[in-house]
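Open your viewer and get ready to click along. We will go from one stop to the next, and at each one you will hear what to select and what to look for.

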Amino acid sequence: MGLKLYGLPMSTNTTRVMACLHEKGVDFELVPVDLFGGENRQPSFLAKNPLGRIPVLEDGDLTLFESRAITAYVAEKFKETGTDLLRLQNPKEAALVKVWLEVESHHFDPAITPIMFEHFVAPILGKTPDQAAIDASLEKLGKVFDVYESKLSCTKYLAGDFFSLADLHHHACTHYFMKTPWASFVNDRPNVKAWWEGISSRPAFMKVAEGMTFVEKK
Amino acid sequence: MAAIRVHGTPYSTAVARVLTTLYEKELEFEFVAIDMKAGEHKKEPFLSINPFGQIPGFEDGDLKLFESRAITKYIAQEYADKGTQFKCGDSKTAAIIGVWTEVEAHQFDPVASKLTWELAFKPRYGLATDTAIVEENEAKLAKVLDVYESRLAQSKYLGCGCITLADLHHLPNIHYLLGTQAKKLFDSRPHVSAWVDAITARPAWSKVLALQKQQG
């Protein structure tokens with residue numbers, strides 16, 4: 001029995017996991033979840049994830065939620081195959097990967113997700129985007145990208161001269177961000193731009209990018 | 001000079017998160033006080049440890065790290081054979097511990113740290129608490145703690161049957177919130193309340209509180 005991933009191809013948290021599975025060359029079945037129909041609030045789904053969110057990974061009798069816990073599990077379980085995402089053979093490199101994973105979680109993600117919501121999701125929900133919220137988030141994101149610009153002048157990727165899970169976790173939201181009017185935040189920073197072009201052209205990301213289109217509620 | 005150095009102030013929730021892990025692991029370390037009022041964390045040489053200008057900064061020999069949860073995970077891995085074991089089972093259990101560690105980071109912390117700021121820190125600095133933010137976040141915290149209540153009815157600690165980083169990461173915010181009106185959210189849920197009692201009673205946490213008193 002193979003891996004089952006409950007989620008949707010345009011969801012950033014789902015694509016975060018799918019990109020990781022592709023980097024590892026691991027097969028899985030994507031089981032769509034009808035968010036618009038409230039499937040994630042049904043008891044059968046809440047039994048898998050009490051937070052009622054996608055994605056959820058089932059590996060035999062193991063059920064996991066929180067996309068970054070799922071990617072960490074996949075990267076560890078399949079550490080001998082595919083891309084080396086955790087650098088476990090080198091304790092110092094592994095520690096630096098942990099640092100930049102947390103940077104994505106605690107600096108990048110909180111700055112970028114309000115922009116994702118206001119620009120892509122609010123209109124689908126019939127709401128007017130909150131420009132003040134977008135502006136506040138852009139200011140934070142700019143400061144994060146300034147740190148990245150400086151770091152990426154010293155190393156090719158965030159944790160070092162090697163691609164890692166820390167870089168991978170950035171792909172999903174940045175992919176959508178580049179479709180907003182504020183792509184200059186990346187394009188005007190040469191090191192960040194080069195890093196983005198490098199990671200977004202990886203075959204694993206090209207595969208998930210195909211499904212990353214926001215669809216109008218039917 | 002000790003190989004392990006922690007830079008910051010022990011009152012900071014992020015610094016306390018690292019300190020409690022070091023005490024649980026029974027590791028020797030040097031505490032380097034950072035003068036927050038003077039903005040020492042926003043200048044060199046601190047920025048060379050953390051380019052985001054936030055505490056804690058951490059050194060182990062020539063390895064420099066930042067982000068409290070990266071530091072605790074590094075400590076747990078590098079010093080796996082010392083002190084508290086932070087695990088109870090195989091890789092499947094480790095995966096479940098990983099889930100609840102992320103729940104703390106993405107569901108609990110964003111809400112709890114807003115409440116800690118409004119209810120515990122602002123009064124100390126003579127700033128006015130924003131009651132709208134408190135109300136909004138108490139409601140969100142209640143929903144998160146409902147999930148914890150169900151989880152802790154099945155499992156003694158969040159990740160498994162013994163204490164792990166998934167539990168410890170909560171300590172600094174919970175400690176502050178127990179001194180505020182938000183205490184009721186923990187007390188009113190019996191399994192959450194028992195879990196809070198267990199984690200706040202850890203001798204390692206008492207050492208963090210002692211260091212806070214000592215550093216004044």
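How much area is buried between chain A and chain B, and what percentage of it do carbon and sulfur atoms give? About 2,500 Å² is buried there, with carbon and sulfur atoms giving 70%. Keep in mind as you explore that this is a predicted model.

**Stop 1: where the chains meet**

Colour the two chains differently and zoom in on the place where they touch. On one side, 28 residues of chain A take part, in contact with 27 residues of chain B. Now select Lys98(A), Glu102(A) and His107(A): together they supply 21% of the area that chain A buries against chain B, more than any other three residues.

Next, look for charged partners. The rule finds three salt bridges across the interface of chain A and chain B. To see a salt bridge up close, show the side chains of Lys92(B) and Asp61(A), which meet with a distance of 2.8 Å from N to O. Polar contacts between chain A and chain B link nine residue pairs, counting pairs with both residues at pLDDT 80 or more.

Which elements of chain A each supply at least two residues to the side that touches chain B? Select strand S4 (62-65), helix H3 (67-77), helix H4 (91-124) and helix H5 (131-151) of chain A to see them. H4(A) gives the most, with twelve residues. Sorted by class, this side of chain A has 17 nonpolar, four polar and seven charged residues.

**Stop 2**

His119(A) is partly exposed, because its relative accessible area is 27%. Although His119(A) and Thr180(A) are 61 residues apart along the chain, their C-alpha atoms are separated by 7.5 Å. Leaving aside neighbours within four places in sequence, His119(A) is in contact with Lys179(A), Thr180(A), Pro181(A) and Trp182(A).

Now move to helix H5 of chain A and select Gly142(A). Is Gly142(A) buried or exposed? Its relative accessible area is 7%, so Gly142(A) is buried. Not counting residues up to four places away in sequence, Gly142(A) touches Phe185(A) and Arg189(A).

**Stop 2**

Switch to chain B and select helix H9, residues 190-200. Its buried residues are Val192(B), Ser193(B), Trp195(B), Val196(B) and Ile199(B). They sit on the same side of H9(B), because they cover an arc of only 165° around the axis.

What do the buried residues of H9(B) pack against? Show helix H5 (131-154), helix H6 (165-168), helix H7 (171-177), helix H8 (183-187) and helix H10 (203-215) of chain B, and you have their packing partners.

**Stop 3: Thr200(B)**

Finish with Thr200(B), also found in helix H9 of chain B. Thr200(B) is partly exposed, with a relative accessible area of 23%. Its side chain reaches the backbone oxygen of Val196(B) at 2.7 Å, and a polar atom of that side chain lies 3.4 Å from the backbone oxygen of Asp197(B). Beyond its neighbours within four places in sequence, Thr200(B) is in contact with Leu171(B), Leu178(B) and Trp205(B).

Terms used:
Residues numbered from 1 in each chain as written. Chains lettered and ligands numbered in written order. Heavy atoms only, no water. Contact = heavy atoms within 4.5 Å. Buried area = accessible area lost by both parts, 1.4 Å probe. Salt bridge = Lys/Arg side-chain N within 4 Å of Asp/Glu carboxyl O. Polar contact = N/O pair within 3.5 Å; in protein donor to acceptor, adjacent residues only side chain to side chain. Helix = DSSP H or I, 4+ residues; strand = E, 2+ residues; numbered from the N terminus. Nonpolar A, V, L, I, M, F, W, Y, C, P; charged D, E, K, R; others polar. Buried < 20%, exposed > 50% of the residue type's maximum accessible area, 1.4 Å probe, protein only. Arc of directions from axis to C-beta.
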